[in-house]
Structure formats: C-alpha cells, structure tokens
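Visitor: I would like to understand how the descriptions of this structure are reached. Could we take them one at a time?

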Amino acid sequence: MYPIVTITDHCRKCYSCVRSCPVKAIKVEKSYTEIIAERCIGCGNCMSHCPQHAKVIADNVAVTNEHLSSGEPVVAVLGCSFPSFFHHCSPGQLSAGLRRLGFVEVHEGASGVELIAGEYRDAIDNAKLPLISSHCPAVVDLVERHYPQLIENLVGVVTHMVAMGRFLKQVWEGKAKVIYISSCIAGKFEVQAEQTKGAVDVLLTYRELESIFKERGIDLATLEEEPLDGKEPHMGRIFPLSQGSFQAFGIEADPLDTEVVTAEGEVNVMGIIKDLAAGRISPKLVDLRFCYDGCIGGPGRNQALTEFSRRNLVISHHRKRIPYRTSQAYLDAAPVSLSRTFADKYAKLPTPKAGDVKKILHATNKFTQKDELNCRACGYRTCREYAVAVFQGLADLEMCLPHNLQQLEEERGRLIEKYELAKRELDRYGDEFIVGSDRNTLEVLDQIKQVGPTPTTVLVRGESGTGKELAARAIHRYSKRNDKPLVTVNCTTITDSLLESELFGHKKGSFTGAIMEKKGLFEAAHGGTIFLDEIGDITPKLQAELLRVLDLGEVRPVGGTAAKRVDVRLIAATNKSLEDGVREGWFREDLYYRLNVFSITMPPLRERVESIPQLAHYFLEKARKKLNKHIDGIEERAVSAMVKYPWPGNIREMQNVIERAAVLTHDEIIKLGNLPLAFAESYAEEAEDVFDLRSFKKEREPHVLRVEKKLIQRYLADAGGNVSKAAQLANIPRRTFYRLLAKHGLKGRTIRAREEAED
Ligand SMILES: Nc1ncnc2c1ncn2[C@@H]1O[C@H](COP(=O)(O)OP(=O)(O)OP(=O)(O)O)[C@@H](O)[C@H]1O
C-alpha cells in the first residue's frame, strides 16, 4: 500500500500540497489533488501542510494487530527519536506497554545506528566520489527518483532501521516479525523497496502506536517498568539530533571542514543535491536529512513539543540508565550484511516544445511579462513553472487564481447586466398581454400571430402610448426565439454617443470612461430579439451601423476593428413618419426599406372605443394590485365619460388616469369625480345632448298628434263614417284604428255628421 493517501472528500484544492511538494509529485484531479507515487519521496510535506488533513499516512494499525494476534513472535523496535514522543512515561513503562500488546521483545533502533557506524567510517575512508549519506530514506528516494546521476554517490549501506531488521531476523532465524516504530514516513517506502525488503515487516508511527494503547485502555504511566531487549546502545541514541550522526558514527567533525558537509531541511538538502548534480561542489561526504531538526523533526513527531524540548528529551534519555535484559543470543550474534544497492527510479515527464508554454500562458490571459504575476496561488513558484506543469498534465488551467478572479469578475458583470435587463423588463411589463376585443385590436393581434414565428424584421408604428412595445413583446413571445432574451432599447433615452457603445459594445480605453471592455446589447440579445423603440430618432451614423448589422449579421464594438457575429431579430418602432424622414433626408432610404419589411400599425384608442370598458377594468385590476386597495369597480357615469373622451395619450394615458383615480377615491368605487376634469366636461356635453333630444321630442309631439288626428278624420270621412272601411283605406288593423279614434276622442258616424256640420 502507498504510504500517504488522500481523503478525496476532504481536499478543497487549496494547492498547499502542490506548494509544499519539493519534487512536483502532486497531480491535480478534477476535485482533489493526488500524489504521484513514482515521483513522491515520502518527505510528508504535503501532509504537514494540508489544512484540511486530506493527506494522511496509510493506516498500519490493522496490519500490526494482525501480526500480534497471529501467534508468531513479533519484535518491536523503537525509533531513535522515541523519547521525544513518549515523554509521559519511562522507556521501561513503554516496554511494559508493548509487551502487553503482545510484543515478545522491545529494542532500541539506536542500536542499528551503532551497527552501521563502522560501515560508514569505512565508506568514508575508501571514498573515490563525493559521498551522500543514505540513512535518510527521503534523501535516498530523492536521488533514486529525481537525481539518478547521483546514485553512485550514495553510501552503499542500509539505514539503521534496515540494519536492525536484518540483525533481528538473523537472531530469530527469520521466525519473528519486526515492527519498527518511528516518526519517519519515508521509512515506509524503504520497508517496501526491493533492495531493503524483508528486513522490517511494518513501519508503525508513534501516533499509530499511541492509538493502539488508547484502544486497549493501556495507560503507560501507571505500568511497572520492564527492561528493554538486545544490546544497549550508547552514542546511537543521539543520532536523531541535528548533526548527531557524526557523533553516533564516531566521525570527527570539524565545523570548518569543507570536506564533510552536513545539512538538514528541505531547502538545504535540495540546494546541496542540486550543487552536487551540477558538479558545483565535490566534498568528501555530505550528510543529509530531509527533515529540519534532524530525525526529531519528522512528519510523525510530537507536535505539542518544541524542537528544544524534543532535543532535551533525547539527550536526557541518552544520559539515563535504562533497564536492559540482553540475552546471550544477541551477544553471540554473527555480523549481518549491511550493504545495499540502489535503483534508478527516474520517471521522466514530457518536456514542452517551443510555443507550448506560451500557448498555456495565453490561455490564462498572460500575454506579456507583466501579466506573469508569479503569485504562487496555484502552488508553483512561477507562472512559467505552472505552465510547464499544465503541459505535463500535473496541473490544470483552472488553477490560476488571478485568471479565475478576472473571469469571475467578467461573469459577474455579465450577470449584473442580464439581471438589470430582466429587472427592467419585469418592472415595466411583467407578463402583460394585449387587451381588447374591438375589430382593430383583433386585426393587430392577427398580424402579430402571423409574423411572430417568422424571422422577419418588423416595424411597429402608431401614436405614443398605443402599445407598440407591447406588440413587440407579443411578437417575441410568438417567435421561435422566445426562450432567448428580448432586449429593449429606447433610442431616445441614451445620448447619441453612448447609444452606439450601448448597442455594439466597446473596447477597453476606446473613450474616456471605457475602463473595461463591455459587450453591447446586440450581443446580449444573441439568439433572441432586440426591440429598438423610437428608431426614427437615431443619428445618421448609427443608421449606417445598424444597416451594417442587418446586412452582415455582425457588430463592431466601438474602438475595435474585429467584427463579432450576432444572430438577432430586429423589431423597431416609431411614432414618426419615416416616409417623411426619407423625403426630408433625415432617415436613410435603404434602412427604411430594410426595416419596413412587415409593418404593424397600432390603432389609437379613439379607434378602439368598444374596448374602452374592458381596458378600464383591466387597468383597475392592475392598480388595485399595485396599491393593495379594495376597489369594487368603476361607476357607470365614469365609464361613459371615458368612452366619450378622445384619449390623446392613448392607452398609456388611460392606465395613468385609472391608477390616479384609484389613488384618489375614498369609496370602493371609482367615480366620475375621481377622473380629471376633462372627463366630467365630456360627460356634461353628452348629458346636454340628451336634454336637447328631450325638448325636441316635446316640441314634436303636438305636431305629430295634430297630423295624426287630421289623417284619421279624413279616412273616416272617405269611408262615410264606416270605421272598418276607414281602417281598410288607411291600411292599418281595425283595432288600431279604433285605438287611434279613442286616443283623439273621435267616434265613427257621429264624427262624420259633426264634420259635415262644421263644414
Ligand atoms: N392593448 C393593451 N392592453 C393592455 N395594456 C396596454 C395595451 N396597449 C398598451 N398597453 C399599456 O400601455 C402602456 C404603453 O404601452 P407601450 O409602451 O407599449 O406603448 P408605445 O406605443 O410603445 O409608447 P411610446 O410610443 O410612448 O413608446 C404600457 O404600460 C402597456 O402595457
């Protein structure tokens, strides 16, 4: 199993691991970062620096427990730095605890240091090349995986851990398992490496051991001390300290000696290795440890203690007397082979060709040296290093934070623009429909339904407030683009100079105030419809540009040369006569023909009189909702006044009049008195007409009656007073004739006789 694993759910891609990895052994996957096993040297930096604890040591607790319960003898070896971790108990108590777990013997790894000390002294004496110490497994991995040219410089001696393993296996004739307990992560690689395999069975960290004690309920500080096993080490115990290896190996070290160089910590070690690889230095021996503070600073160290305390604990352990029980087998043991070989494990990454890096830099908006911020947010030291990593498949383009921020900022701008557009639309129109059932309105609706689904440009004409914009919206709604934006622009509300940039966008710096590139409304409407209201008011320059857009289907941002393709349907509106414009020269004839492909004329409200009551109630409903006021309806007299009123401001005026009346009324009904004075006047005129009509009726009545009486008398006379005959002559029913006689107080023959007498 690989010694360091990623808990992918915990990884938040902060790139701390990328930043802290000295050898580019981290690959960025879609949602987490992963260790590249072939490149990793086990230094544990990625683990120590991960704020989310997403990189952890692979768990060896289970395998340890398996060995302990297998019935086979298992021997524990305590790494040299153990006193700086288990400082709440004595070594004897630790030994007792380990025995309780089932270990048959407990040794100190420091004895292994003393096993290899002689080998080191010999190697130095016989050195023909600058030697690199091989007791730090991270350094060995660094050379094997990244600087294979230095493999022959490595001292061909095993680490003290492997030395101990081999020694114990020999004494136990291979019948015991050896578990080494340490703070070193790289040691886990060494346990598995081909050249050192078999010496140690498991490398358990101090923390893992601590968790086993906890799990078993063993409190070390309360235990009776038990002796440790094997040969008691001496100077080997100071090996884990910074520069402790020379004393432990018995090598005279002079601080002024340039032949024997010692270095600890990533930066120093990397520097020396690079110098050696480049042939810049050639000392006799470089003694290296990848961890700062030597082996007491390993990734599995006790982090609650300072380096100073850890150092003191190791030194005081060295000075103390420790209970030991050394069996004869260890005293009689034959020497064991401590040599080893190394392998070339170099895994080459692809090298970018000329232009590859540039292409990647361009993709993250870096065109000049100044654009390369080298901010390290991606984890790489420079933008170029990062671009190379992208090329090598280790990093991806999304890791560049400044680029991401810029993109987000742009996206935010686009969203704000979209939001503003949508809000503007919603505020003004909501989901309004064309109301009205008069002949003219129905005709317009028919035209809208016909032209809507086609891609044809539409020119909507009509007086102000007749619903031209509403018609444009309806056309868009009936079109096949109704899932795409409808962008409306009133050409008179923006100054001429700004309108052009508003419509077509502008390049950064194209005019004062153009601090960043801006997309135009034509682009915002891409795929949908643009409605240009008051088209008769645009400048000749804009007319020319608009013609270009309509002819070529592309826009040219202000200050830019490159055109952008747009797919936009145009609906224009005007209340001006464009024909007059063409005649008088203020409107381009070619644009006029381009716009006037299909024209719809919105009738004025005075030509939709039949729909006035319906519209009035529709707007009352809207006002009621807007004002949240309880209003039942509109008084009959007020409706009549509206029907009579000429509505110069058309439907918009009606909407305003009703909303105003709804505000003013104190009753639950809108009355004539709530309408502007002009309505009361038009109502009074109508009332006067009615009065005149009545007086006419009054005047006419007596004349009609007189003529009617005379006629009846004549028919009666002609019929010789015979009523039936008279009715026949008059061609009306007899019953009706009798009613008329009664109405005028006449009688058949008597009438005649009297008439004759009168004559
Ligand atoms: N038939 C209708 N049914 C319902 N509401 C209407 C109708 N016609 C117009 N309106 C409303 O009247 C108001 C004015 O309409 P619109 O803005 O479409 O007119 P316009 O002709 O474009 O005006 P202008 O020429 O001044 O721009 C809007 O609130 C609109 O919703």
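Guide: Helices (H or I, at least four residues) and strands (E, at least two) are DSSP runs, numbered from the N terminus, and His-160 is found in one of them, helix α7, residues 160–171. Residues are numbered from 1 along each chain as its sequence is written. The model is predicted, so local features need pLDDT of at least 70 and side-chain atom pairs count only at pLDDT 80 or more, while totals for chains, interfaces and linings use all residues.

Visitor: Why is His-160 called buried?

Guide: A residue is buried if 20 or more other C-beta atoms, placed from the backbone, lie within 10 Å of its own, exposed if 12 or fewer, and partly exposed in between; His-160 has 30 within 10 Å, and is therefore buried.

Visitor: Which residues is His-160 in contact with, leaving aside its neighbours within four places in sequence?

Guide: Contact requires C-beta atoms, placed from the backbone, within 7 Å, and the partners of His-160 include Gly-109, His-135 and Phe-239.

Visitor: What makes you say that the ligand lies between two domains?

Guide: Domain bounds come from an automatic or database domain assignment, and because domain 3 (432–603) and domain 4 (607–675) both give residues to the shell around the ligand, it lies between them.

Visitor: How is confidence judged over residues 750–759?

Guide: On pLDDT, the predictor's confidence in each residue from 0 to 100, residues 750–759 stay under 50, whereas the protein has a mean of 89. Where pLDDT is low, the predicted coordinates should not be read in detail.

Note on methods:
Two residues are in contact if their C-beta atoms, placed from the backbone, lie within 7 Å.
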